[in-house]
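Subject: Handover of a structure, with notes

Dear colleague,

Please find the structure below, followed by my notes on what was found in it.

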Amino acid sequence: MIELYHAPRSRSSSIVQLLDDLGALDRVTIREVTITRSDGSDGPDPANPHPDGKVPYLVHDGVGMTEVNAIMLYLTDLFPEAGLGAPMGDPLRPRFLSWMAWYGNVLEPVVHFHFMEIDSPGLKRTFRDFATAVERLESQLTKTPWLIGDRFTAADQLIAHMFHFFPQFQPKDGPIPDWVARYAARPATQRQAARDGL
Ligand SMILES: N[C@@H](CCC(=O)N[C@@H](CS)C(=O)NCC(=O)O)C(=O)O
């Protein structure tokens with residue numbers, strides 16, 4: 001049994017969209033919970049087992065997991081038929097794993113530092129900065145339409161979703177706006193927008 005603790009218009013929407021794309025929505029029970037929103041509204045839901053009261057939280061046969069990138073990786077391995085991951089043996093798996101981990105290890109921190117205007121030499125030494133992260137994405141997206149190559153994967157779902165959800169993070173030109181527009185035009189993105197009431 002698979003359960004997803006979900007709050008609309010949040011990182012867990014990206015998981016619902018991936019499940020839709022994987023053709024696996026009917027295999028998962030979605031449990032909608034409240035979370036504390038960035039404007040301070042709502043609050044944690046006692047029904048949510050996530051240790052920090054956050055979403056997404058996935059439970060598979062009684063074992064829970066956190067972290068949006070880990071959950072996506074897990075689901076693409078669990079439902080490989082849709083071809084949205086890169087299973088063991090796929091020559092592009094190293095690239096796929098790198099983007100999935102880079103999102104959490106680098107992109108999320110530098111986005112927060114940048115938009116909260118936190119400028120620290122120590123942080124910059126460790127994580128570089130938002131401009132460097134954008135360059136890294138641009139460098140790949142000038143070579144291939146999607147992050148690991150010619151096909152859309154959960155790495156695009158994970159990272160393009162962030163730029164789609166927060167358009168203010170997008171550079172005005174270069175390959176990122178086109179990539180996000182292609183992501184936005186995908187039927188699964190449009191179905192998710194309708195589910196989220198966007
Ligand atoms: N590192 C976590 C972050 C999850 C997270 O911050 N989720 C937000 C929604 S987008 C949340 O639940 N916020 C409620 C809170 O911070 O209490 C992940 O990657 O899954």
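E1 and E2 pair in the parallel sense, over five bridges, where strands and helices are DSSP runs (E of at least two residues for strands, H or I of at least four for helices) numbered from the N terminus, and two strands count as paired if DSSP finds at least two bridges between them. The model is a predicted one, in which local features need pLDDT of at least 70 and side-chain atom pairs count only at pLDDT 80 or more, while totals for chains, interfaces and linings use all residues. Residues are numbered from 1 along each chain as its sequence is written, and side-chain values use heavy atoms, with hydrogens and water left out.

The sheet

Four strands make up an open sheet of mixed pairing, in the order E2-E1-E3-E4. Its edge strands are E2 (28-32) and E4, each of which pairs on one side only. Direction ignored, neighbouring strands of this sheet are turned by 20° against each other on average; axes here are lines fitted to C-alpha atoms, for helices over the stretch in contact, and angles run from 0 to 180 degrees between N-to-C directions.

Strand E1 (residues 2-6) runs antiparallel to E3, to which four bridges join it. Ile2 stands opposite Val28 in E2, and the bridge partner of Ile2 in E3 is His60. Five of the five residues of E1 are buried, so this strand is largely enclosed by the rest of the structure; buried means under 20% relative accessible area, exposed means over 50%, and partly exposed lies in between, with a 1.4 Å probe and protein chains only. Both faces of E1 are covered, with Ile2, Leu4 and His6 on one side and Glu3 and Tyr5 on the other.

In strand E3 (residues 57-60), Tyr57 and Val59 point one way and Leu58 and His60 the other way, and all are buried. E3 also pairs with strand E4 (residues 63-65), in the antiparallel sense and over three bridges. Within that pairing, Leu58 stands opposite Met65, and His60 has Val63 as its bridge partner. The hairpin of E3 and E4 has two residues between the strands, and Asp61 takes a positive phi near 50° there.

Helices against the sheet and against each other

Helix H1 (residues 11-21) lies across E1 and E2, running at about 140° to E1, whereas helix H2 (residues 68-78) lies across E1, E3 and E4, running at about 35° to E3. The axes of H1 and H2 come within 10 Å and cross at roughly 10°. The two helices H1 and H2 are therefore roughly parallel to each other, in a scheme where angles under 35 degrees count as roughly parallel, over 145 as roughly antiparallel, 65 to 115 as roughly perpendicular and the rest as oblique. Arg11, Ser14, Ile15, Leu18 and Leu19 in H1 meet Val68, Ile71, Met72, Leu75 and Thr76 in H2, contact meaning heavy atoms within 4.5 Å. By class, the residues of this contact divide into seven nonpolar, two polar and one charged; Ala, Val, Leu, Ile, Met, Phe, Trp, Tyr, Cys and Pro count as nonpolar, Asp, Glu, Lys and Arg as charged, and the others, Gly among them, as polar.

For helix H3 (residues 93-115) and helix H6 (residues 154-165), the axes come within 9 Å and cross at roughly 20°, and H3 and H6 are therefore roughly parallel to each other. On the H3 side, Phe96, Trp99, Met100, Trp102, Tyr103, Leu107 and Val111 meet Ala154, Ala155, Leu158, Ile159, Met162 and Phe163 in H6. The contact of H3 with H6 has 13 nonpolar, no polar and no charged residues.

Backbone details in the loops

The loop between E2 and E3 contains Pro56, which a cis peptide bond joins to Val55, with omega about 0°. Asp42 also has its place in the loop between E2 and E3, and although Asp42 is not a glycine, its phi is positive at about 55°. Asp42 is exposed, with a relative accessible area of 57%. Glu117, in the loop between H3 and helix H4 (121-127), likewise has a positive phi, near 55°, in a residue other than glycine, and Glu117 is exposed, with a relative accessible area of 72%.

With best regards
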